[in-house]
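Subject: Structure handover

Hello,

As promised, I am passing the structure on to you. Please have a look at it first, and then read on for what turned up.

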Protein chains: 2
Amino acid sequence: MGPRWKGKGAEAKALADPMSKIVLKLQSSLIQSDARGILCGSSVLLAAEEEQALLFGRAYFGHPIVNADKDRQWFQLGMEEAFFLCYSLKCLKIAGEDKRLKDDQELWQCMKSKKAGFPVFYKAYSHLRTKNWVVRPGLQYGADFVAYRHHPSLVHSEYAVLVSSEGDAEANGRLKLWSDVHCTLRLCLGVVKTLLVLTISKNGDDDDSPSCLANYMVDERTVTRWSPEQSREEDTSDDVESQARE
Amino acid sequence: MGPRWKGKGAEAKALADPMSKIVLKLQSSLIQSDARGILCGSSVLLAAEEEQALLFGRAYFGHPIVNADKDRQWFQLGMEEAFFLCYSLKCLKIAGEDKRLKDDQELWQCMKSKKAGFPVFYKAYSHLRTKNWVVRPGLQYGADFVAYRHHPSLVHSEYAVLVSSEGDAEANGRLKLWSDVHCTLRLCLGVVKTLLVLTISKNGDDDDSPSCLANYMVDERTVTRWSPEQSREEDTSDDVESQARE
């Protein structure tokens, strides 16, 4: 299943304006303005001037919040989004509710304490964002994330992402039962997405510091329904059997 | 969400021909013919003469199998279906692959060994069948069963049924994670069914004989999505708040 672009010209628009460059621009802008977010519950709040707000929108991080501040647009970032800007892109500093800036180590501990399985979810999130996918919460589709090839105004999300981990009970509870597998695949079919299962191997139990992320391996697997009817006729062009015969 | 009848007149047809009576007719027919099924893998095979085959179709037990036997129609029954005809309706005898008839106790042990969680699934199945619902496998919708108000030719299935049990790991793995809950509800919305969760309380660990079923309690719960937009306007006619005020 390929990308489903939203109308004519959307693909060309996306090609002319790669997501990698938009994120780079946002990164520069945040570094230049010495951007600071405030950790508030399970999200990070951040104010942006007009131009920066546009870049937030184009890179599709967080969502804008309606408030009375006329000069600046406030954004609410999810924990993975905020940590990605902070730790991976080094363009955001985050303060706790006491207004004191947290270093990477403190922020990591704090996010781990707020969200079970954060290290594993973050690895999955940053894995996809680093590959220039736009990654958003997937709860609406019963997934952990959804991934878009470009901005959601140009293209429908292509993948429903489930995060799984061998060592982590929190992120590990799905797809154990056939009924769950069928449910998930049937829903993906209904909403025209491909199920992407990211399995994180931890190579060690130590997750006290975010440096452990370098040891995490990500295994990408897409799961699709097998239709006996569709698979019955042999495709002689490039299927496994014909290749084996060559 | 009410029943979705298939076309005009379907509801009247169903009313004129209650499922309870159809099942009674099938029961009499099976008793009269001293019907015997053969346990074969995880299903029970059974041959029916023309009139009985029609009753099987109308009561919607099992599915017909294409074979070379011109005089009789063969049916393949699922384990819950076969055990229901055998144990609850007392109208079917079942032989093992050695052709020797099994008594209820032997059959129970045999089905338990073939399907993890069989006692709990059977309780759920028989609970719904006894209330004259037509109960079919629900795997296509990621559920344990689907339930129809009458024959599937007249009405769409109304409930996707998930079976849960406090003491039974096998039947107990679903809806533990929010992503699973959302996935299931979103799918139910897509296929216009209501999610029905049947929770079986066992009252004791002894399931060596089918008589334990009498001690099983069934808790019925339907789960629907809550839409803040829909729920914002107060419906003054019969909502909880207005009742409380009275």
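Before the numbers, one term: buried area is the accessible area, taken with a 1.4 Å probe, that two parts lose on being put together, summed over both. Please also keep in mind that this is a predicted model.

**The two domains of chain A**

Chain A is divided into domain 1 (12-115) and domain 2 (116-226). Between them, domain 1 of chain A and domain 2 of chain A bury about 2300 Å², with carbon and sulfur atoms giving 65% of it. The C-alpha centres of these two domains are 22 Å apart. On the domain 1 side 30 residues take part in the contact, and on the domain 2 side 26 residues do.

What polar links join the two domains? There are 15 residue pairs in polar contact between them, and the rule finds 2 salt bridges across this interface. A salt bridge also joins the side chains of A:Asp207 and A:Lys112, at 3.1 Å from N to O. Several helices of chain A each supply at least two residues of the domain 1 side, namely α1 (10-16), α2 (19-32), α3 (50-59), α4 (79-88) and α5 (104-114). Sorted by class, that side has 14 nonpolar, 7 polar and 9 charged residues.

**Where chain A meets chain B**

Here the buried area is about 1600 Å², and carbon and sulfur atoms give 65% of that. On the side of chain A, A:Ser179, A:Cys183 and A:Arg186 lose the most area to chain B, together 32% of what that side buries. The contact takes 20 residues from chain A and 20 residues from chain B.

How many salt bridges cross between the two chains? The rule finds 0, while 4 residue pairs are in polar contact. Helix α7 (residues 178-190) of chain A gives 8 residues, the largest share of the side that touches chain B. That side is made up of 9 nonpolar, 6 polar and 5 charged residues.

**Chain A as a whole**

Chain A has 9 helices and 10 strands, and its C-alpha trace spans about 65 × 45 × 35 Å along the principal axes. Of its 246 residues, 46% count as buried. Among contacts in chain A between residues at least 6 apart in sequence, 61% join residues at least 24 apart.

**Salt bridges worth a look**

Over all chains the count comes to 28 salt bridges. A:Asp34, A:Arg36 and A:Lys93 are linked in a network of them. How accessible are the three residues? A:Arg36 is partly exposed at 46% relative accessible area, A:Asp34 is partly exposed at 34%, and A:Lys93 counts as partly exposed at 38%.

In chain B, the side chains of B:Arg149 and B:Glu158 form a salt bridge of 2.7 Å, N to O. B:Arg149 is partly exposed, with a relative accessible area of 36%, whereas B:Glu158 counts as buried at 5%.

I hope this helps you find your way around.

Best wishes

Definitions and conventions: Residues are numbered from 1 along each chain as its sequence is written. Chains are lettered from A and ligands numbered from 1 in the order in which they are written. This is a predicted model: local features need pLDDT of at least 70, side-chain atom pairs count only at pLDDT 80 or more; totals for chains, interfaces and linings use all residues. Side-chain values use heavy atoms; hydrogens and water are left out. Contact means heavy atoms within 4.5 Å. A salt bridge is a side-chain nitrogen of Lys or Arg within 4 Å of a carboxyl oxygen of Asp or Glu. A polar contact is a pair of N or O atoms within 3.5 Å; within protein, one must be able to donate a hydrogen and the other to accept it, and residues adjacent in sequence count only if both atoms are side-chain atoms. Helices (H or I, at least four residues) and strands (E, at least two) are DSSP runs, numbered from the N terminus. Ala, Val, Leu, Ile, Met, Phe, Trp, Tyr, Cys and Pro count as nonpolar, Asp, Glu, Lys and Arg as charged, and the others, Gly among them, as polar. Domain bounds come from an automatic or database domain assignment. Buried means under 20% relative accessible area, exposed over 50%, partly exposed in between (1.4 Å probe, protein chains only).
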